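Trainee: Could you take me through one part of this structure closely, strand by strand, and then show me what lies around it and elsewhere?

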Amino acid sequence: MFSKGTKRKFSDGDEEISDESLVGARVASSYSLQRQSLLDMSLIKLQLCHMLVEPNLCRSVLIANTVRQIQEEMTHDGSWHMVTEAFCGPGQSPSERLVATEVLCRSREQDAEPKLFSVISYEGCREEEVVADETLCSVSVSDTVSNVCLAGRVGQCWEKSELSGVERDEEALEDSRLGSGEDEEIDTEDGASTESPKTTGQVFGTFEIKNGSPGPDSALEELFSDVDTSYYDLDTMLTGMQSAPKMGPYDLLDSLAPSHSSPSIVSTPTCRSDLNELDHIMEIIVGS
Amino acid sequence: HGQRPRPPLVLNNCLLFLSGYAADIISTVEFNYSGELLATGDKGGRVVIFQREQESKNRLLSRGEYNVYSTFQSHEPEFDYLKSLEIEEKINKIRWLPQQNAAHFLLSANDKTIKLWKISERDKRAEGYNLKDEDGRLQDQFRITTLRVPVLMPMDLMVEASPRRIFANAHTYHINSISVNSDYETYLSADDLRINLWHLEITDRSFNIVDIKPANMEELTEVITAAECHPHQCNVFVYSSSKGTIRLCDMRAAALCDRHSKFFEEPEDPSSRSFFSEIISSISDVKFSHSGRYMMTRDYLSVKVWDLNMENRPVETYQVHEYLRSKLCSLYENDCIFDKFECCWNGSDSAIMTGSYNNFFRMFDRNTRRDITLEASRENSKPRAILKPRKVCTGGKRKKDEISVDSLDFNKKILHTAWHPKENVIAVAATNNLYIFQDKMN
């Protein structure tokens with residue numbers, strides 16, 4: 001691969017660069033190229049959106065750990081810092097960078113609805129998901145520059161403090177919405193839907209996961225506290241659920257109707273056929 | 001020499017191809033406790049059970065063929081409205097219960113739900129009802145002039161499968177393991193982050209005995225990959241992780257077994273460290289030996305046998321396909337590095353078996369340290385033929401009959417294998433084909 005070493009001298013005689021060190025430099029840069037391509041590959045893997053089926057959590061965790069390892073090594077090398085400086089303007093705020101990294105795959109969690117999966121977190125920001133939804137889900141960062149940029153932003157968000165700051169915002173947003181939604185929608189609809197949350201909250205309170213395990217189930221209350229009919233308008237914006245109706249208050253009610261043993265899981269044909277009936281029921285509850 | 005113990009398959013070095021069966025992609029294979037029945041689960045949510053033919057003097061040569069006994073749809077695809085996601089009907093695991101009466105019971109699990117199925121035979125039918133006619137229609141009461149006692153008449157054998165229990169809504173994450181406890185009353189089910197203990201009679205509750213979900217999901221770096229109950233001690237179970245560790249827990253110690261009793265981990269060899277080290281150390285399967293003294297773990301490149309009394313390293317390590325170590329980057333790219341291979345013991349714990357790529361599977365004899373690579377494919381084995389050992393060429397010159405690493409078909413993977421509990425009969429699932437091999441008769 002590399003030519004055999006014989007010492008060469010520069011004409012100006014300033015430095016002697018032997019071929020061995022040249023080889024060493026090449027090996028080092030080849031290593032960092034390989035490492036970079038591994039990082040890019042890993043980020044792309046995490047970006048692949050699984051529209052209908054939940055992504056494999058084990059695989060996601062392993063890939064995320066690999067990315068972390070690479071980033072740590074690059075940070076020690078000092079090459080991380082260079083990368084972020086080069087491609088990301090110093091004027092960008094940490095939260096902007098964090099938000100930009102949410103161009104990553106969705107990972108489902110029981111105590112929250114569809115979220116974006118980020119390299120460093122398994123709970124993501126849903127604003128991004130809605131705003132640029134189609135492009136996000138189908139994005140595949142192909143060119144090297146943007147890959148590096150993406151990686152750079154992830155690294156910047158590595159600091160715990162930045163992370164928790166954005167997290168708090170995210171959690172506040174999460175709590176106030178059932179599904180993905182935009183802020184404006186929530187604000188305008190808040191007044192109109194005062195009656196529905198309480199009623200549906202009571203209704204949803206009856207279906208609980210029937211087992212002894214504690215945990216995130218209490219988040220279910222938070223989820224359903226703000227159900228509003230505007231949800232269905234958002235539905236058309238959301239990609240990925242072409243073949244089946246998106247979760248909405250209608251569907252939840254429907255899932256309560258049949259057997260007590262499967263509250264949140266209903267076979268598809270039954271649900272669709274009852275949609276009109278539930279439409280009617282929902283109108284009564286909401287009082288519109 | 002009639003009483004000499006049968007040597008393991010590896011020593012005999014030859015096998016007979018017994019039968020093959022094409023279905024949907026097979027996702028699990030399991031013999032029952034006697035070995036008379038073999039269950040397979042597939043990606044379409046179906047379970048197919050094979051039964052071994054009784055040996056008869058007339059058919060000496062076709063001793064012990066497995067034929068289809070029962071087929072039923074265990075799980076249907078579902079839709080989780082909470083998360084707007086489909087729940088696959090693919091059967092992840094099947095575990096048999098020990099037989100206690102004429103019927104057979106098994107547990108089958110998809111990602112979210114476990115079902116207890118009863119498989120029973122019906123070979124008699126009651127005839128001569130007073131109030132119903134032959135077709136089951138109610139008779140006009142005026143027509144009944146005499147009373148008779150219905151009699152049981154023989155009929156063609158019918159095998160019925162009926163779901164007796166449905167254990168649902170206990171797993172947020174995907175179920176990867178189920179294991180029946182030695183008390184035959186309870187069983188455990190494990191997903192990526194939690195393990196639950198169930199009573200076979202009770203479906204609306206389960207006890208959570210392990211929970212490794214961090215308070216902040218951002219901190220998640222490790223998941224549960226497999227779990228199993230100890231074969232004799234009903235208070236002991238183990239679970240493996242994506243970081244290559246195994247934890248043994250005692251349910252008597254605490255209600256929540258987050259603190260392990262024993263922690264098994266082999267120290268990493270610093271010279272072989274790479275970015276893929278963690279991924280290839282992730283344990284895909286853990287199985288206790290029948291004796292209960294050892295356990296076996298499968299990671300991407302090797303199988304390790306651990307003595308339960310020694311936590312700091314395995315007692316035996318077997319390389320399954322070490323030639324893949326230099327290909328890890330490509331295998332990461334095509335996602336093969338995440339393939340979850342299973343492993344199994346033979347009945348006497350003297351041999352172990354696991355799958356590989358190109359429809360190869362490997363068997364290791366623990367006593368002689370010999371190993372063999374065989375291939376499960378229709379092209380290369382005619383029925384009743386003896387299987388030829390295979391070899392992968394790693395270095396320069398490829399000998400005749402060897403196959404080079406670059407020619408391996410990574411789409412043909414053998415993830416699921418099973419060994420008859422008493423005899424040298426093995427079942428190997430190669431994508432959508434089931435192969436049953438038997439030791440050559442002397």
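Mentor: In this predicted model, strand β4 (residues 46–52) of chain B runs antiparallel to β5(B), and the two pair over 7 bridges. Strands here are DSSP runs of E with at least two residues, helices are runs of H or I with at least four, both numbered from the N terminus, and two strands pair if DSSP finds at least two bridges between them. Across this pairing, Gln51(B) faces Asn67(B) of β5(B). Residues are numbered from 1 along each chain as its sequence is written, while chains are lettered from A and ligands numbered from 1 in the order in which they are written. Local features need pLDDT of at least 70 and side-chain atom pairs count only at pLDDT 80 or more, whereas totals for chains, interfaces and linings use all residues, and side-chain values use heavy atoms, with hydrogens and water left out.

Both strands belong to an open sheet of 4 strands in chain B, ordered β2-β3-β4-β5 with antiparallel pairing. Its edge strands are β2 and β5 (66–73) of chain B, each pairing on one side only. Neighbouring strands of the sheet are turned by 20° against each other on average, direction ignored, with axes fitted to C-alpha atoms and angles running from 0 to 180 degrees between N-to-C directions, helix axes being fitted over the stretch in contact.

We can now turn to the largest pocket, whose volume is about 1400 Å³. Of the 49 residues lining the largest pocket, Asn56(A), Lys90(B), Phe338(B), Lys340(B) and Leu415(B) are the closest to its centre.

Elsewhere in chain B, strand β21 (residues 294–298) is largely enclosed by the rest of the structure, because 5 of its 5 residues are buried, meaning under 20% relative accessible area, against over 50% for exposed and in between for partly exposed (1.4 Å probe, protein chains only). Tyr294(B), Met296(B) and Arg298(B) lie on one side of β21(B), with Met295(B) and Thr297(B) on the other. Strand β20 (residues 285–288) of chain B pairs with β21(B) in the antiparallel sense over 4 bridges, with Phe288(B) opposite Met295(B). β21(B) also pairs with strand β22 (residues 302–307) of chain B, again antiparallel, over 5 bridges, and there Arg298(B) has Val303(B) as its bridge partner.

Notes. On a 1 Å grid over the protein atoms alone, a cavity is a set of points where a 1.4 Å probe fits but cannot get out, and a pocket is an open set with protein on both sides within 12 Å along at least five of seven lines; lining residues have an atom within 4 Å of a point. Grid points are joined across faces, edges and corners, and a volume is the space filled by probe spheres set on the points.
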